[in-house]
Amino acid sequence: MTRDFRLLATGQALSWLGNGFQTVALAVAVVTHGGGADDLGLVMAASVLTMLAGTLFGGVWADRLQPRHVMVVSDLVRLLATAGIAVMFAGGGYRLPLLCALTVVSSGAGSFFAPAMSALKPLLVPSDQLQQANATLTMLQTACGIAGPALGGLTVAAFGAPAGFAADAVSFGLSGVFAAMLSVRAERGPRAPMVRELATGWQAIRSRDWLIGGLFGATVYHIANGMILVLVQVTAVERLGGAHAIGWISAAEGLGGLLGSALALRFHPRHPLRAGWLTLLLMPFWALSYVWPGALTAVLAGAVIGYGGLMFFAVAWETAIQDRIPQAMLGRVASWDYLTSFLAMPLGNALAGPLSARFGVDGVLTACAFVLFASAASQLLIPGARNLTRTTTTRDAVLTPA
């Protein structure tokens with residue numbers, strides 16, 4: 001792998017670890033300062049809504065400017081906002097409006113960072129190493145998703161919630177430093193009005209059957225998965241042993257993600273989307289394992305298998321987009337891709353309670369598993385998804401001194 005890729009991977013690993021610290025610190029800080037589920041839910045909603053509002057604009061600016069510059073500014077803003085949260089809680093002055101405001105600032109900056117990184121990644125490695133690079137980053141993110149909360153829990157338990165926020169702020173600073181050290185530059189053309197550039201990105205999606213079909217399929221998938229992610233937590237608490245079971249299941253999901261990423265490192269299919277959608281068909285079995293046989297061992301096995309398939313698909317999907325979308329509009333296409341997840345997942349979360357009350361937890365889990373299967377299998381009916389192959393086109397980029 002290239003020097004630039006190693007820099008990006010190092011910076012992102014530190015940032016992903018820091019996110020785990022903040023996840024723990026936020027819940028502990030709000031509860032210990034007199035807040036409750038309502039306060040925590042409001043903060044989380046503010047974060048999601050800000051991502052919804054900002055991600056498409058983030059995609060446009062990722063295609064207008066140098067992606068690394070967008071990333072550096074985003075990390076700087078997130079460092080300052082997160083440090084502000086740490087200072088607020090360290091001073092003992094918990095104020096919900098201020099916490100929401102700082103969260104909005106941080107999430108808004110994050111909505112610009114993600115499309116910029118998507119636009120940057122294909123420039124860092126030769127085209128024949130894209131899948132390997134994506135798999136490596138996915139593996140790192142999965143591992144950090146396991147280690148971050150564990151280390152964050154130890155830190156918060158020993159030094160308090162402000163230390164967790166401070167660690168996250170430092171991680172943003174380090175991520176920004178590594179991003180600033182990148183030497184790659186993308187070729188950028190003349191700008192057009194914002195609305196026209198957004199429309200151009202959407203047209204790039206509409207003109208590819210595998211991409212428009214995949215986005216609509218993913219939207220349906222994420223609605224069903226949003227319900228599942230709520231209901232499996234309830235099932236784990238009520239039937240499988242509570243917190244102990246949730247911990248084991250989370251570990252199994254992480255292990256599956258690592259195995260799926262490792263497979264993507266080694267296995268480079270000629271038809272990446274065909275292989276990706278087929279492996280995604282494993283996820284419904286994870287959801288069904290909570291219904292039948294309903295034993296913890298079966299759920300753990302389903303988690304390993306299902307999340308392995310999910311992570312392999314994620315690498316295949318991202319590689320296909322990077323491979324087939326012109327670099328000049330990659331940020332906008334990636335932002336539309338992110339938007340489907342941000343819209344669909346909270347909707348599924350919100351529907352889980354009312355639907356399970358009406359039809360029962362097992363009934364909703366079974367129906368959602370069927371939706372997962374149908375949304376993935378239907379993509380194999382799309383010629384572009386079945387037949388898409390890798391290209392050897394090189395990306396337009398130039399290397400200049402950092």
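Predicted model: local features only at pLDDT ≥ 70, side-chain atom pairs only at ≥ 80, totals over all residues.

Visitor: Which residues make the contact?

Guide: On the α8 side they are Trp210, Leu211, Gly214, Leu215, Tyr221 and Leu229, and α12 brings Tyr307, Leu310, Trp317, Ala320, Ile321 and Arg324. By type, that contact splits into 10 nonpolar residues, one polar and one charged.

Visitor: At what angle do α8 and α12 pack?

Guide: About 150 degrees, with the axes 13 Å apart; α8 covers residues 209-239 and α12 covers residues 296-324. Angles over 145 degrees count as roughly antiparallel, so that's what α8 is to α12.

Visitor: OK, switching to charges. How many salt bridges does the structure hold?

Guide: Six. One of them joins lysine 121 and glutamate 318, at 2.2 Å from N to O. Lysine 121 sits in the loop between α4 and α5 while glutamate 318 is in helix α12, so the pair ties together parts 197 residues apart in sequence.

Visitor: Is lysine 121 buried or exposed? And what about glutamate 318?

Guide: Lysine 121 is buried, at 9% relative accessibility. Glutamate 318 is buried too, at 19%.

Visitor: Where's the aspartate 75 and arginine 78 pair?

Guide: Both are in helix α3, three residues apart, which means about one helical turn between them. Aspartate 75 is buried at 0% relative accessible area, and arginine 78 is buried at 11%.

Visitor: What does arginine 3 pair with?

Guide: Aspartate 4, in a salt bridge at 3.5 Å, N to O. Arginine 3 is partly exposed at 42% relative accessibility, whereas aspartate 4 is buried at 6%.

Notes:
Residues numbered from 1 in each chain as written. Heavy atoms only, no water. Axes fitted to C-alpha atoms, helices over the stretch in contact; angles between N-to-C directions. Helix = DSSP H or I, 4+ residues; strand = E, 2+ residues; numbered from the N terminus. Parallel < 35°, antiparallel > 145°, perpendicular 65-115°, else oblique. Contact = heavy atoms within 4.5 Å. Nonpolar A, V, L, I, M, F, W, Y, C, P; charged D, E, K, R; others polar. Salt bridge = Lys/Arg side-chain N within 4 Å of Asp/Glu carboxyl O. Buried < 20%, exposed > 50% of the residue type's maximum accessible area, 1.4 Å probe, protein only.
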